[in-house]
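Let's walk through this structure together, from its aromatic rings to its nonpolar cores. Have the sequence and the 3D view at hand as you read.

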Amino acid sequence: MSNGNDPLALEQALASFDALWSPRIVTRVNDYDVRVAKVAGEHVWHAHDDTDEFFLVLDGELHLALREPAGERTVRLPRGSVFTVPRGTEHKPYAPAGAAILMFEPTGTSTVGDRHDELPDHVDATTGHALDAGRRTPDVWRLTPDA
């Protein structure tokens with residue numbers, strides 16, 4: 001995790017781990033964690049009762065299925081897109097072709113929210129893991145080649 005005084009390349013942070021749906025905390029801002037994750041396939045339907053959840057797609061495309069009062073819909077987020085899921089809204093992230101994402105949420109927020117479906121083995125129920133950015137070189141993992 002960045003101590004706030006040293007820059008941290010997100011590409012290097014992503015290269016330091018392989019686990020899917022298992023975010024790493026790259027820094028903290030006040031009482032919020034900034035987390036990065038590699039994702040592929042489906043997460044789980046869940047909701048955060050007391051906080052919004054912010055997503056920024058760093059690479060690939062993330063889909064967010066949402067259960068809203070007007071019904072279900074899916075939001076597609078290509079690389080560079082941001083979206084905030086409002087507190088209390090059931091949602092299920094999925095990435096058919098894989099993606100790298102950044103999330104901004106209060107420290108201690110569970111990746112599976114306050115309410116969730118049964119957890120499959122590939123989903124890590126965590127409040128974020130410490131980052132070990134020195135383990136691998138920054139070019140090991142890249143979803144799309146450089147242009």
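**Rings, charges and cores**

The count of aromatic pairs comes to one, where rings of Phe, Tyr and Trp (its six-membered ring) pair if their centres lie within 6.5 Å, with planes under 30 degrees apart counted as stacked, over 60 as edge-to-face and the rest as tilted. Before we look at that pair, a word on the source: this is a predicted model, in which local features need pLDDT of at least 70 and side-chain atom pairs count only at pLDDT 80 or more, while totals for chains, interfaces and linings use all residues. Residues are numbered from 1 along each chain as its sequence is written, and side-chain values use heavy atoms, with hydrogens and water left out.

Which residues form the aromatic pair? They are Tyr32 and Phe104, stacked at 4.9 Å centre to centre with 5° between the planes. Tyr32 belongs to strand β2 and Phe104 to strand β7, so the pair links parts of the chain that are 72 residues apart; strands (E, at least two residues) and helices (H or I, at least four) are DSSP runs, numbered from the N terminus. Tyr32 is partly exposed, at 34% relative accessibility, and Phe104 is partly exposed at 31%. Here buried means under 20% relative accessible area, exposed over 50% and partly exposed in between (1.4 Å probe, protein chains only).

Now turn to the ring of Phe17. The charged end of Arg24 sits over this ring, 4.5 Å from its centre, and Lys38 lies over the face of Phe17 at 5.2 Å from the ring centre. The rule asks for NZ of Lys or CZ of Arg within 6 Å of the ring centre and within 35 degrees of the ring normal.

Next come the cores, each a set of buried Ala, Val, Leu, Ile, Met, Phe, Trp, Tyr and Cys residues joined through side-chain atoms within 4.5 Å. The largest has 16 residues, and those with the most contacts inside it are Val39, Phe55, Leu62, Leu64, Leu77, Phe83 and Ile101. Two or more residues each come from β2 (32-42), β4 (53-68), β5 (71-78), β6 (82-85) and β7 (90-106), with β4 giving the most, five. Apart from this core lies another, of nine residues, including Ala13, Leu14, Val36 and Ala100.

Finally, look at Leu64 in strand β4, which is buried, with a relative accessible area of 0%. Beyond its neighbours within four places in sequence, Leu64 is in contact (heavy atoms within 4.5 Å) with residues including Phe55, Leu77, Phe83, Lys92 and Pro93.
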